[in-house]
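Hi,

Here is the structure for you to look over. My notes on its charged side-chain pairs follow below.

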Amino acid sequence: MSGKSPPTKPYFFYGHRKPSQNRPVVHGGLFSNRQTLKDPQIPPPDSQSFDLRKWDPHHLSESPSPPPVHMPHQNPKLSPIARFIFDAFRKNGNTWGPPIVSELRKLRRVTPTLVAEVLKVQNNPGLASKFFHWAGKQKGFKHNFASYNAFAYCLNRKGLYRAADQLPELMYSQGKSPSEKQFEILIRMHADQNRGLRVYYMYEKMKKFGIKPRVFLYNRIMDALVKNGYLDLALSVYEDFKGEVLAEENITFMILIKGFCKAGRIGEMLQLLRRMREKSCKPDVFAYTAMVKVLVSEGNLDGCLQVWEEMKRDVVKPDMMAYTTLVMGLCKGGRVDRGYEFFKEMKERKFLIDRAIYRVLIEGFVKDGRVGSGFDLLKDLMDSGYRADLDIYNVLIEGLCSAKRVDRAYKLFQIAVKEALEPNFATVNPMLVAFAEVRRMDAFCMLLEQMKKLGFSVLEDLSKFFSSVVGKEDRTMMALEVFDDLKVKGYCSVSIYNILMEALHKIGKVKKALSLFGEIKDSDLMPESSTYSIAIMCYVEDQDIQEACLCHNKIVEMSCVPSVDAYCSLARGLCKIGEIDAAMLLVRDCLANVSSGPMAFKYTLAVINACRSGAEKVMEVMDEMLQEGCLLDDVICSAVISGMCKHGTIEKAREVFTNLVKRKLLTEARAIVYDEILIEHMKKKTADLVISGLKFFGLESKLKAKGCNLLSG
């Protein structure tokens, strides 16, 4: 006999063994030779006392610990046999095959309850499907409702809801008629994921199986359809509901009423309200508040007021939430006077009015130019025991500045500072604009000094100020004058220069923009890539292509990428002076460096490639380009010249330009210009080929010996 002992037979415990002094606990589900598990050594808790003064409430939000990853076989709620099944899956790489089947056959029988237990935590739908069908092939086995439901949940967890929808057919084919519960589960899954059409699809399938939903399920179906904007489908379901002679509940009416409110169908909503009263289901204050809230969200203020009248007709007293919803909706919708009437009703009923209502009323009055009414409400707010917040001060300051009362706005700003509020850029920007408009630069600079004392980042806020001011020509020139005064006092930065240069370029003041660019180069400031990009566009419009190319080279030296507008401008400028090869190189450089390049550049390369196939193919590409909304420009026409000189002939290029003239996409004058550029470009290409051939065959020395300087340099 061999000295080796026979291998021990695997054994497992069903659950936990009763502990005793000499018998430690053995956890079920571990297939071994009855080895015990030692309790893990738990480190003692930190005995350091908690100091509230050192507690950081943002500590957990700033550095959240990663969530623990639980594998299915580590789930402590699983039974031992379920753990064995998961161990079999895990050992075989979660891939179904003969090894897993042989492991499962070691079990006496896999019950439907066990199938459901495994599928509840299984996250691999392919493996779950194989296991589900394998279990169904056992002799005398029949799935129960729990296993079918668990299979549906498993498929839905991984987004395979279309496969889950076929479960009723699968049940029917296996001799198990689906019940309402199975359809309810599938409908709830679709409703939770806002798949309204899938909900209706399952409802139609219910009717095919002859299953009649309960009122609860009807409500869920209609609610899912209404929330996803399928009101007409919800009404068709409601017609079926009435045909089943079922009694409507309050929630049934409210689902449809909300749908009518959302769709703006007020007449049908009022009809349903009357039907609701006939069924003795009079809406309460919460139902009416919900209607008002939906109508406010859709901007239907007339419908809100109609619902409010219906609420009075039913002698339903509106509560604080109903008033708040209506007043805020009216004020934001431009009906501040009507909102103020309801505000006075709230005061008469002695409601505790929220500060948000005061804020929207003040905003509404200021927007209408009635700043005095806004201050009356501010006084009422303070008399009520509230403290005005920064948003209210910002609104009033902006209103005073719009009314040309900037001094009073500055006093209000001082009050906000004394009340320990922290002003922001929205607080000071209206005053900066007002001081700039009347050229009160001393007051402007004094406000900047106060901003610096309050901890503002003055240069960043000045950049925001200039961004908000520039636009129209007169505003841009005003901003330039303000900047001239600020430069003397040291308030300048590259970002401000960029904003002003871009604004001047947009209004056509290219020379002035280039003078600002010269100031940056002469100062201690370092131009950014965006500065050079704006300068490129200005130089191209000034027809100084050489300087524009130097700016492009500067950007490359900085290891940066020009803006898309700079690429387009420089490419057009190069095409106009006949530097077609450089322009095509720039197009390729742009598409290589920019994540979403201009469509014209993409079609430029397509046109060059189409030149291999002739003029007809080029015209097909151009037709597609025009259908996409991309216009014919110098770069596209230069691409025709480049492509035909490389892959075609002059005649083919002229054929393309002739077709463009016939279709009135190109003027005859431009066609003549492009023909001259075509001839010059072809000469360059031919000369380059000749020189390359001479160099290749080593004829340089013979030409130089005869006094030819063609290849010199």
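Glu620 is partly exposed, with a relative accessible area of 49%. Its salt-bridge partner is Lys617, at 3.9 Å from N to O. Lys617 is partly exposed as well, at 38%. Both residues sit in helix H34 (residues 615-627). They are 3 residues apart, about one turn of the helix. Bear in mind that this is a predicted model.

Next, Arg277 and Glu310. They form a salt bridge, with the closest N and O atoms 2.5 Å apart. This pair links distant parts of the chain: Arg277 is in helix H14 (residues 266-278), Glu310 in helix H16 (residues 301-313). The two are 33 residues apart. Is Glu310 buried or exposed? Glu310 is buried, because its relative accessible area is 7% and the cut-off for buried is under 20%. Arg277 counts as partly exposed, at 24% relative accessibility.

The side chains of Lys212 and Glu244 meet in a salt bridge, 3.7 Å from N to O. Lys212 lies in the loop between helix H10 (196-208) and helix H11 (215-227). Glu244 lies in the loop between helix H12 (231-243) and helix H13 (250-263). The separation is 32 residues. Lys212 is exposed, at 60% relative accessible area, and Glu244 is partly exposed, at 31%.

The total count is 42 salt bridges.

Best wishes

Conventions: Residues are numbered from 1 along each chain as its sequence is written. This is a predicted model: local features need pLDDT of at least 70, side-chain atom pairs count only at pLDDT 80 or more; totals for chains, interfaces and linings use all residues. Side-chain values use heavy atoms; hydrogens and water are left out. A salt bridge is a side-chain nitrogen of Lys or Arg within 4 Å of a carboxyl oxygen of Asp or Glu. Helices (H or I, at least four residues) and strands (E, at least two) are DSSP runs, numbered from the N terminus. Buried means under 20% relative accessible area, exposed over 50%, partly exposed in between (1.4 Å probe, protein chains only).
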